[in-house]
Amino acid sequence: MKRKVAVLPGDGIGKEVMEGTMKVLNAVADRFGHTFEFHKARIGGAAIDEDGQPLPDETLRICKESDAVLLGAVGGPQWENLPGHLRPERGLLGIRKELGLFANLRPVTAFDSLLDASPLKADRIKGVDMLIVRELTGGLYFGTPSERRKDGNEVVDTLHYTRSEIERIVDQGFEAAKKRRQKLTSVDKANVLESSRMWREIVEEKSKAYPEVEVEHMLVDAAAMKLVQHPAYFDVIVTENLFGDILSDEASMITGSLGMLPSASLRSDGYGMYEPVHGSAPDIAGKNLANPLAMILSGAMMLKYSFQMYEEADAIEKAVKEVLDAGYFTSDIAGRGANALSTDRMVKQVIFQLEEDNATAGIMEAYA
Ligand code: NAD
């Protein structure tokens, strides 16, 4: 299978982790007989320097002509004092909007070999394997622009959703749950908010189309507590923009390292943009120290959600787990008795593991 991928390394460590991820994807392509055509484009600070704006038209064109987008990270101190419309983050918000990406998916996995990196007790996080599905383009962050105002001592923000906006994100939640452990927790504030009451109603309606998925409703305050008290309880959480923003950051702390967290932003047709949760990390940029695993795992999400290459995605996830189990860590997750690997060495280790697994699979097939 041939697939076109827009590659937007961005700034800082975004560039470093992207190089390694393309190598890993090429190794997977070789093993499974695919071709990934990578088309590089600029975004964020790199685009401000070269093109005078954070999201050039050329970048958007390349993204729209591709089957999926990989994004590294944007931002850095050199662009912090620019006017709002010229800030690197504008590139990110702009691209999500232009590509119509309304569903943000963030998996949180507690790797056994990293349990002690978490601020929570190891026995509490063992077995955590959840996915947070957050609505990304509606709710309080967008509201009704004409109603948003500041008059002297009075400020107004509005929370606005249409039925179809809620339906499409709830569908994403059910679809994800169907492919995982068939449990969906819908998080809202239905005891207070009208929008949450409609959200609940829609979840109930949609649940009829997914009889195999067990559904529960949970108030956002209860969900915030449960996430630290018993995070392994959750399979898929689906929620609106503001609640999802806060809960997904809370949940991301469970793993103990930003360098381990991938994400996807999708539309209904499966097109998506895949990026690590972390930023451009100016403090370590250019030093070959960044953990590339969040970006590599974002690449695995692209294979799964945009290309339906499930076996290929599993191969990457398995190789990452095995590399960690074998005691290989980058400096952000080191301190477990190992010498920290550079970014490049970690990438090589993952590719080596993919090849080892391939060879083992070949031997098993030969004896089958
Ligand atoms: P950050 O995620 O870049 O870094 C926070 C800390 O985590 C730093 O100490 C960094 O060294 C470490 N870290 C992050 N990713 C790592 C990795 N892969 N391996 C090892 N260590 C890692 O957040 P920040 O410092 O608050 O922001 C830096 C810049 O990135 C800012 O300009 C910010 O606006 C931007 N940012 C961009 C995105 C994005 O592109 N999606 C997200 C967050 C922040």
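Author: Let's start with the handedness: H10 passes H11 in a left-handed crossing, meaning the near helix is turned anticlockwise from the far one by less than a right angle (clockwise would be right-handed). The contact (heavy atoms within 4.5 Å) is made by Leu293, Ile296, Leu297, Ala300, Leu303 and Lys304 on the H10 side, and by Tyr310, Glu312, Ala313, Ile316, Glu317, Val320 and Leu324 on the H11 side. Sorted by class, that's 10 nonpolar residues, three charged and no polar ones; here Ala, Val, Leu, Ile, Met, Phe, Trp, Tyr, Cys and Pro count as nonpolar, Asp, Glu, Lys and Arg as charged, and the others, Gly among them, as polar.

Before going on, a word on the source: this is a predicted model, where local features need pLDDT of at least 70 and side-chain atom pairs count only at pLDDT 80 or more, while totals for chains, interfaces and linings use all residues. Residues are numbered from 1 along each chain as its sequence is written, and side-chain values use heavy atoms, leaving out hydrogens and water.

Now the geometry. H10 covers residues 293-305 and H11 residues 310-325; their axes (lines fitted to C-alpha atoms over the stretch in contact) come within 7 Å and cross at roughly 160°, on a scale from 0 to 180 degrees between N-to-C directions. The two helices are therefore roughly antiparallel, a label for angles over 145 degrees.

Zooming out, the protein chain has 12 helices and 12 strands, as DSSP runs of at least four residues (H or I) and at least two (E).

Notes:
Parallel < 35°, antiparallel > 145°, perpendicular 65-115°, else oblique.
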